[in-house]
Amino acid sequence: IQMEFTDTPAMWKDSVTTKLWIAELTPLRCFYDYEIYKKSQTDNEPVLVCKGFICYSIIDIETGKPERVDEIMSKFTVVDKKVFGNHPKVLIAPGSAPDGVDGHRVKAADIDFNMHVSNLKYLESAINTESYEFYLEHVQSYIKLKFLKQTFSGDTISSEWYDKGEGKRVYMIRNSAGEEVARAEILWIKKKADKYAVLDGFDRN
């Protein structure tokens, strides 16, 4: 997963529209690109909030081997539009000594329809290593997330974060055996709005 956010985030009560399409098919991978818009408060025109892509593979549950994606998805139309111009490989350099660690025991609500931990939960695990004050004062400029291994109900995942400087942080997520199951990179920037504001134009002061 790779996504970038604009400087016009969606706020509380905003209506958003997501455009999603298949942008590329290879024998083993399917790339979905997407754009998320909100309505402008002045003229109701769509304003871009976020764009990115997701790469999916299909794995045989019994053998653990990849299946041919292009054959399964052949009935769908591929739209030759890539939001970043191409689909760059998601490369995230590992950290050395962690600056913080947070743990989480996998619960029923963390499991998706494939009976393993939902993709979103890995990202939540990474973000939850940050302090509440840090989260109030910062917002994500971009997110990269790479999945390496499945985790299941009853497992424990821990997230280590590494400060790479200038707002960039790397998160290495491990299972209870110490194996790395996911890795994320987030660029955090200072929020422009009042950190307590929930609606455009609302100022706590």
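## A buried phenylalanine

F53 has 2% relative accessibility, so it counts as buried (under 20% relative accessible area; exposed is over 50%, partly exposed in between; 1.4 Å probe, protein chains only). F84 is partly exposed at 22% relative accessible area.

This is a predicted model, where local features need pLDDT of at least 70, side-chain atom pairs count only at pLDDT 80 or more, and totals for chains, interfaces and linings use all residues. Residues are numbered from 1 along each chain as its sequence is written, and side-chain values use heavy atoms, without hydrogens and water.

## Aromatic pairs

The whole structure holds 6 aromatic pairs. Rings of Phe, Tyr and Trp (its six-membered ring) pair if their centres lie within 6.5 Å; planes under 30 degrees apart are stacked, over 60 edge-to-face, the rest tilted.

F53 and F84 pair edge-to-face, 6.1 Å centre to centre and 75° between the planes. F53 sits in strand β4 (46-56) and F84 in the loop between α1 (69-72) and β5 (100-105), so the pair ties together parts 31 residues apart in sequence. Helices (H or I, at least four residues) and strands (E, at least two) are DSSP runs, numbered from the N terminus.

F134 and W188 are both buried. What is the geometry of the F134 and W188 pair? The pair is edge-to-face, at 5.3 Å centre to centre with 75° between the planes. Helix α3 (132-137) holds F134 and strand β9 (180-190) holds W188, so the pair ties together parts 54 residues apart in sequence.

R169 lies over the face of F134, 4.3 Å from the ring centre. R169 also lies over the face of W161, at 4.0 Å. The cut-offs: NZ of Lys or CZ of Arg within 6 Å of the ring centre and within 35 degrees of the ring normal.
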